[in-house]
Amino acid sequence: MTRAELTLDVLTVAPRLLGTVLEADTPDGLVAARIVEVEAYRAADDPASHSFRGRTPRNAVMFGPAGHLYVYFVYGMHFCANVSCLPDGEAGAVLLRAGEVVSDLGVARTRRPTARRDDDLARGPARLASLMGLRKEHNGIDVTDAASPVRLLRGARVPVARVARGPRVGVAAAADLPWRFWDSGSHAVSPYRPGRVRDRHATTPGRSQ
């Protein structure tokens, strides 16, 4: 994809990412997954976003330019990957929540040997990042560059009738915002789990992104 296609509001980019293909060069070979579930986050009005309270060394990629991976560590055990959006200087990103493997399944199973089914290989943001081998060192990678070890490619766009929308998974703040989008025809979409709201008046950023 081009940077221009990603330099838009997160709520415009997020549903358009459904059907795109995330491709990565791994030690086991090329792995590619068709994106079937995403979540949008932005700084301006979203207390669930990592960038809501301003720029830090951790969230700097979210502030642009668009088209770069924002990779973060969560729960002390998993990595998750986002694609930065919006014009340079405006913070926002789309979390890649789930995908369907469209590359060699043997390579994918080697990388995710604990997956019980093929639908589980990239079902959930941590599993997707694990399949692709995404770690801290991939933070900031330009996915619009054909020479990048991780690339975001155009795919067949999901028909509008199959694009579903609802609240994000596991966030404690802004929990009711319908900023998660998914392909309702895919079995690889992750299950919805509401966040634990500790204080309904709190503005503490949520855990998921």
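**Buried residues and ring pairs**

Biologist: Why is Y70 called buried?

Modeller: Y70 has a relative accessible area of 0%. Buried means under 20%, exposed over 50% and partly exposed in between, with a 1.4 Å probe and protein chains only, so Y70 is buried. This is a predicted model, in which local features need pLDDT of at least 70 and side-chain atom pairs count only at pLDDT 80 or more, while totals for chains, interfaces and linings use all residues. Residues are numbered from 1 along each chain as its sequence is written, and side-chain values use heavy atoms, with hydrogens and water left out.

Biologist: How many aromatic pairs are there?

Modeller: Rings of Phe, Tyr and Trp (its six-membered ring) pair if their centres lie within 6.5 Å; planes under 30 degrees apart are stacked, over 60 edge-to-face and the rest tilted. That rule gives two aromatic pairs.

Biologist: Why is the pair of Y70 and Y72 called tilted?

Modeller: The ring centres of Y70 and Y72 are 5.6 Å apart and the planes are at 35 degrees, so this pair is tilted. Y72 is buried, at a relative accessible area of 2%.

Biologist: What makes F73 and F79 a tilted pair?

Modeller: Their ring centres lie 4.7 Å apart with the planes at 40 degrees, so the pair counts as tilted. F73 is partly exposed, with a relative accessible area of 43%, whereas F79 is buried, at 15% relative accessibility.

Biologist: How do you know that R168 lies over the face of Y41?

Modeller: A charge sits over a ring if NZ of Lys or CZ of Arg is within 6 Å of the ring centre and within 35 degrees of the ring normal. R168 lies over the face of Y41 at 4.4 Å from the ring centre, and R180 lies over the face of W182 at 4.1 Å.

Biologist: Where does D142 lie, and why is D142 called buried?

Modeller: D142 belongs to the loop between α4 (125-132) and β6 (150-153); helices (H or I, at least four residues) and strands (E, at least two) are DSSP runs, numbered from the N terminus. Its relative accessible area is 17%, so D142 is buried.

Biologist: What makes a polar contact with the side chain of D142?

Modeller: The side chain of R3 does, at 2.7 Å. A polar contact is a pair of N or O atoms within 3.5 Å; within protein, one must be able to donate a hydrogen and the other to accept it, and residues adjacent in sequence count only if both atoms are side-chain atoms.
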